[in-house]
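Subject: A structure for you to explore

Hi there,

Here is the structure I promised to pass on to you. Have a look at it first, and then read on for what turned up inside.

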Amino acid sequence: GRPGVGRAHGKAILLGEHAVVYGAPALVMPMPQLTVTVHATRFACPGDGADKISFAIAGQHPAPVTPLVTDGLRYLVEKFRERAAVAGRMCADVLIDSGIPQGRGLGSSAACARAAVLALADAFGRPLDAAAVYDLVQASETVAHGRASGIDALATGATAPLLFRGGSARELPITMSGGPSRFDGVFIVADSGAGGSTKEAVELLRDRFEQDEKIKEAFVRRVSELTTAALRDLDDGRLTGFGARLTENHRLLRDLGISTEPIDAMVEAALAAGGLGAKITGGGLGGCMIALAGDPGQAEAVAHGIEAAGAVRTWVVPVGRFASHD
Ligand code: PMV
C-alpha cells in the first residue's frame, strides 16, 4: 500500500533557554523552512515472530557524524506500539529525509521523532491526538538526550511562536510569514558550523549552580523578567525593545560560559550591521545564534554581516502579527 507520511519542522529558541530548565518561561518559534519528512512503508512480517522496523536516512552518503537514528527513535517505536495499541506485529521501512542540521539547537532530533511517529501512525492506521504525539516525542527525546524541558517536542509541531512555561505552552497570536501586520520583525538564524552539546551545557550550568545557588536565582529571575518584558514588546509592536531583551539574554548566557568566541563574534557583527538584538540560541557551546531585524532590507544586511563574521549558513524567518489581533 501507500507509505505512511509524517512531517515536522525545526525551531529556534528566542528567549529563555537553560533558564527554562529551572522554571523560567521561554519563547520559541517554529522554523517552517527547516523540514523533516518521514515515510513508513509496511511490509509483510517475516516468519520469526518479531517486529521489524528498519531506519534509513535519505540521501546521506556517507553516514553523518552524529547518527540520526538514535536510541530515542528505537524507543519511540516500542512506545508507539503501546500508545497506539497496535494489535498485530509491526514491520516497516522508515525513511527519514531531514533538512535540519544536527546538533545545532534547531530541534533536529525532536523533529525526526515527531515526523517518524506521525508516519507510523499513518502507516498503521492509528491516528494519535496531539497529546499522545507530544508524549511519544518527549519520551524519545529523554532517552536520546537525558533532558526534558519539552520545548523541542512542542515547537517542532507548532505553527506559531510559543510561550513555554512549566511543561505547557500557548501559541502567541503571531504569524510565521510576516504581514499583514504592524509588527514585522525578521529573525535571522545563523549556524556557526560547530556542533554544540546541549547535554554538556546543561551539566555545566548544573555544576555552576550547585556551587552557588545565588547565581542560579539571579539568572532565572532576570531571564523571567526579560521574557515577560518581551511579551509586552510583542503586544505593543516594540521591535527595538524586543531586540534589547535578546541581547541582554545573550550576555547572561555568555557570562555563564554557554557561548563561544565565534558565536560572540557573530552576535557583535549582527549588532554592528544594524540588528536590533542578537543572541546565541539553543543549548550553546556551539550551534547557532539568532538576530532580529526591523525589516527585510535590514535583515539582508544583518545576514551578510553575520556571514562575514564566519557563519556557515543563515536562514531568514519573517514573523508578523495578524492585523486582526490589533
Ligand atoms: O535543543 P536545544 O539545544 O535548543 O536546547 C534546548 C534548551 C535547553 O533549555 C538548553 C534545554 C531544555 O531541555 O530546555
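Phe187 has a relative accessibility of 4%, under the 20% cut-off, so this residue counts as buried. Please keep in mind throughout that the model is predicted. Phe242 is buried as well, because its relative accessibility is 1%.

How are the rings of Phe187 and Phe242 arranged? Their centres lie 6.1 Å apart and their planes meet at 75 degrees, so this is an edge-to-face pair. Phe187 sits in strand β8 and Phe242 in helix α7, 55 residues apart, so try finding both on your screen: the pair links distant parts of the chain.

The structure holds 4 aromatic pairs. Another one of them is made by Phe209 and Phe219, and it is tilted because the planes are at 35 degrees, with ring centres 6.0 Å apart. Here helix α5 supplies Phe209 and helix α6 supplies Phe219. Both residues are buried, and together with Tyr22 they form one aromatic cluster.

In soluble globular proteins, nonpolar side chains tend to be buried together. The largest core here has 62 residues, and those touching the most other members are Met29, Phe80, Ile96, Phe187, Val189 and Phe242. Which helix gives the most to this core? It is helix α2 (residues 108-123), with 11 residues. Domain 1 (4-170) and domain 2 (176-322) each provide at least three residues to this core. A second, separate core has 28 residues, including Ile188, Phe219, Ile263 and Met289.

Beyond its neighbours within four places in sequence, its contacts include Ala12, Met29, Leu106, Cys288 and Trp315.

Finally, the cysteines. There is 1 disulfide in the structure, and it joins Cys45 to Cys91 with an S to S distance of 2.0 Å. The torsion about the S-S bond is about 115 degrees, so the disulfide is right-handed. Cys45 lies in the loop between β2 and β3, while Cys91 belongs to strand β4, 46 residues apart.

Cys112 is in no disulfide, and the nearest cysteine sulfur, that of Cys288, is 15 Å away. Cys112 is buried, with a relative accessible area of 1%. Cys288 is in no disulfide either, and at 0% relative accessibility it counts as buried.

Enjoy exploring!

Best wishes

Terms used: Residues are numbered from 1 along each chain as its sequence is written. This is a predicted model: local features need pLDDT of at least 70, side-chain atom pairs count only at pLDDT 80 or more; totals for chains, interfaces and linings use all residues. Side-chain values use heavy atoms; hydrogens and water are left out. A nonpolar core is a set of buried Ala, Val, Leu, Ile, Met, Phe, Trp, Tyr and Cys residues joined through side-chain atoms within 4.5 Å. Buried means under 20% relative accessible area, exposed over 50%, partly exposed in between (1.4 Å probe, protein chains only). Helices (H or I, at least four residues) and strands (E, at least two) are DSSP runs, numbered from the N terminus. Domain bounds come from an automatic or database domain assignment. Contact means heavy atoms within 4.5 Å. Rings of Phe, Tyr and Trp (its six-membered ring) pair if their centres lie within 6.5 Å; planes under 30 degrees apart count as stacked, over 60 as edge-to-face and the rest as tilted. A disulfide is a pair of cysteine sulfur atoms within 2.5 Å.
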